[in-house]
Structures are given as C-alpha cells and as structure tokens.
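Open the model in a viewer and keep a selection panel at hand.

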Amino acid sequence: MKTTLPAQSLSDTRTALQAANKAFNHRYPGESSRRQPVHSVYGGAHLFKAETASKLAEVALRSWEEHAPDARTLAGVLGLTEEGGLAEKVHARVVAKLRREAVEDYRIDFEDGYGHRPDAEEDGHAVAAAEEMGRGLERGSLPPFIGLRIKSFSDELFGRSVRTLDLFLSALVEKTGGRLPPGFVVTLPKVSIREQVVALDSVLIGLEEGLGLPRGVVKVELMVETPQALFDRQGRVELPLLVGAARGRCTGVHFGAYDYTAACGITAAHQHLFHPSCDFARHVMQVSLAGTGIHLSDGATTTMPVGPHKAPKGGVLTPEQQVENRAAVHRAWRLHADNVRRSLTDGFYQGWDLHPAQVPVRYAAVYAFFLEGLDEASRRLKAFMDKAAQATRLGDVFDDAATGQGLINFFLRGIACGALTEDEARAAGLTLDELRTRSFLEILQGRRKG
C-alpha cells in the first residue's frame, strides 16, 4: 500500500515524542495501588498513649452497639435497603472491623486539637508522645498508619513547630533504636507558599542526617486550608508545585474545609464540607494531582454524635433521656454518612474523624458504597480484562493500563478496609495471587505468559 511519509523522516519527531512521553509518564505514573486509609483520626498530643487506638475502638464499639444494635436500626438511620441483605452485611462487617482494626490512621495533633501552650509544656508532650509511639511500636498496638501534625510554618510558629518535630523524632528514634512506624508521616497545616514546604524538607534532611535515618524516609502530608495553596498571585495552579517542593516526600494532600471557607470570607453559619467553595477546592485538588499517585483526603464533619444527657454518678438515664440521646446520635450519624458518601462519589476515599463515635458510621457508609457498586464494578472489570486479553493474544499493544488499575483499585480499597471479601473479588474474575500483585500490568503480563 502506498504511503507518503518516508520512515526516516519521522525519526526526529519520534525521538522528541518518546522523550516527552517518558517525562509525562514519570510525572503522572497513574493512580497509586498502595493502601490508603479510609480516615485519619485526630487527637490532641497531650492525650496520646500507646493504647489510644484500642481505647478508641472500645468507645466506637460501645456507641455502635448502643445506637445501632441491629441491621434494621442501621437501615433506618442511613436509609439502607434491607433487600439482598445489604444492611445485614454492612452491620456485620462494621462490627468485625471495629473488633479487628477500628482505627486505620491516627494523627497526633500539635495544632488545632492541641492549641497554644507554654513551651515547657509542649516540649514535655512532644517527648512523651514519642515515647508512647515507640512503646506502641514495640507492643504492636499502633494502627497501620500514624503520624503527627505540627504547627504551621508561619513566622510566629516556625520555631515552635520545628522544636516539637525535633524533640519528637529525636525521642522516637532513641526509644526504638532508629525504627519508624510503617506509614509514619508528618502533616504540615495551613500551607500557603512553596517556601514552607521547602523549609520542611530542609528540616527533615537535617533531622534524618543527625539521627542516622535514610534520606527521605520521613514522609509528609500537606494541608490545603488557604486559597493560596491552590493558586499563586498570578492565578496559576500552585498545588502541584507545593507537592513538588517536598522532593518526593509528599504522599497525601488533605483538605481543611473550615479554615479554607473562613479564608474565603464565608461566615461561620455557612462553613460546611459541601459549601460550593469547598466543591471547587476539591475539584482543583483532584484535577491538578490526578495521575500523580498522591492520595487525597477530605475534611471533617464537626457535628459530634454525642447525646445531650449524661447519667449521674451511680445513676441511669431516664427512658426519655435515652430516646433523646439516640435521636441526637442518629442525626449526627446521618450527616456524617451523607458527607462520607458524597466524598466517595467525588473520588475522595479518605476523610477525617474527630470522635470515636464517628468511626463506625464512616465504615457503614464506606461499606455500603462498595457493596452497592460491587456488581457493576465486577461486570466492568470482567469485560475490561477480556478486552485486554484479546489485545495481547492478537499481538496488539493495550494502551489503557490506567483504567485497568482504577478498576482493580476498587477491589483493593474495598478489601483493605473490610468492605469486600476476597471471595467477592474473585467473583469479578481475579485470583488471589493477582490481587496480591496490586498491579494491573503485572496481572496482564501474568495472563499473557499463562
């Protein structure tokens, strides 16, 4: 067949394009398959103990058993259907999760959840919290992900923030002999300029060298709490440059809805997770970091699921007080579940929990989301794997790996948090060995060899 362009004439074009594609693939490796927790539970640094996660689990389970004792109650609270056993599955799996691993991620908070205290007091809490974390690491009582949130790097707080970080890491390394917990991360709040991230990286380099830790082992999360974290003064998107300033340390970006809306001039009465300004901020976060492998986290529901009445010492609540307490908890749960579901629908798979009684309803909302989407996800994955297998059999190049990884990540996320079982994933056409690779390309290569 006749062609016009000689093959040799495309050589320079092909070389330039290959270099550009290689740079693009390096910058945008695709959605990460590493595990992402469904929440970060925040607690004041002065309260942290090695057993904090198990204590929170006990409170979460008591709240669940008291206010959602059965699947029918849960269905009524969250509007779940009882057809097909959905409410029963969700209820049973939440109970199992609370008993097994109620807290997936915990952040020791030296910022809003801690406040401003005398320097000597914060010094003491920094060392004590580190020693408790070390004790938890020795005992195996820490959650899979853990870290601390320091104060911002404003001029006023930089020195205090760095001192807390230095004291904490120095005490932790001394306690553990140089080990850091898996999934350890430092959260930097109220990021507004690139230089703040550069400064944190510089501080961490100095600490790693001084403590004998590998360069880059301490990972960071950045918090979007100001409009300037999204756009610079020329109106250009700033967030990817903030992430880049961490020089490979940044694993996640968290949204702080209440500081952000305040910075936008929105009054307190209208500051909530799903104000239109928050939708805009989340969309910018999502679009600007899509394909980079950076995990995104939504903010917190600030309405706590706590009843208005407390039993007097040695006494009990009246039946009327018990009804009022349950009604208050159920209202807060509905709000939290609605917020979680909307976050999931928008592609944010992680959020903040501020109270242990929020934890069970987060799992209920997450589990319902995955179970309701299971059949459709299974059909899509089966069809996609068949399409990929046909392409490889014919010798064609299959150039849609990102979509395949996204479909597989649905099951990886669901299994990791306890929403789905491995049997449910196998029903979608995946073997356990394939699931354990966590990689669409490895699955495809394995099937090609098979």
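The count comes to 3 cavities of 30 Å³ or more. A cavity here is a set of points on a 1 Å grid over the protein atoms alone where a 1.4 Å probe fits but cannot get out. Grid points are joined across faces, edges and corners, and a volume is the space filled by probe spheres set on the points. This is a predicted model, in which local features need pLDDT of at least 70 and side-chain atom pairs count only at pLDDT 80 or more, while totals for chains, interfaces and linings use all residues. Residues are numbered from 1 along each chain as its sequence is written, and side-chain values use heavy atoms, with hydrogens and water left out.

**Stop 1: the largest cavity**

Select Q36, Y349, N409, L412 and R413, which lie nearest the centre of the largest cavity among its 18 lining residues; a lining residue has an atom within 4 Å of a point. The elements that give two or more residues to this lining are α12 (358–393) and α13 (401–417). Helices (H or I, at least four residues) and strands (E, at least two) are DSSP runs, numbered from the N terminus. Show α13 on its own: with 5 residues, α13 gives the most to the lining. The volume of the largest cavity is about 140 Å³.

How do the lining residues of the largest cavity divide by class? There are 8 nonpolar, 5 polar and 5 charged. In this scheme Ala, Val, Leu, Ile, Met, Phe, Trp, Tyr, Cys and Pro count as nonpolar, Asp, Glu, Lys and Arg as charged, and the others, Gly among them, as polar.

**Stop 2: the second largest cavity**

The second largest cavity has a volume of about 90 Å³. Select V340, S343, Q350, G351 and R362, the closest to its centre of the 16 residues that line it. Both α11 (319–345) and α12 supply at least two residues of this lining, and α11 gives the most, with 5 residues. By class the lining has 7 nonpolar, 7 polar and 2 charged residues.

**Stop 3: α3 against α11**

To see the contact (heavy atoms within 4.5 Å), select T73, G76, V77 and L78 of α3 with H330, W333, R334 and A337 of α11. These residues divide into 4 nonpolar, 3 polar and 1 charged.

**Stop 4: V243**

Go to helix α8 (residues 239–245), where V243 is placed. Is V243 buried or exposed? V243 counts as buried, at 12% relative accessibility; buried means under 20% relative accessible area, exposed over 50%, and partly exposed in between (1.4 Å probe, protein chains only). Leaving aside neighbours within four places in sequence, V243 is in contact with L222, C250, V253, L289 and I294. A C-alpha to C-alpha distance from V243 to E225 gives 15 Å, for a separation of 18 residues in sequence.

**Stop 5: two residues with positive phi**

Select R247 in the loop between α8 and β6 (250–255). R247 is not a glycine, yet has a positive phi of about 55°. R247 is exposed, with a relative accessible area of 58%.

Finish at K190, in the loop between β4 (184–188) and α7 (194–211). The phi of K190, also a residue other than glycine, is positive and near 50°. K190 is partly exposed, at 25% relative accessible area.

Methods. On a 1 Å grid over the protein atoms alone, a cavity is a set of points where a 1.4 Å probe fits but cannot get out, and a pocket is an open set with protein on both sides within 12 Å along at least five of seven lines; lining residues have an atom within 4 Å of a point.
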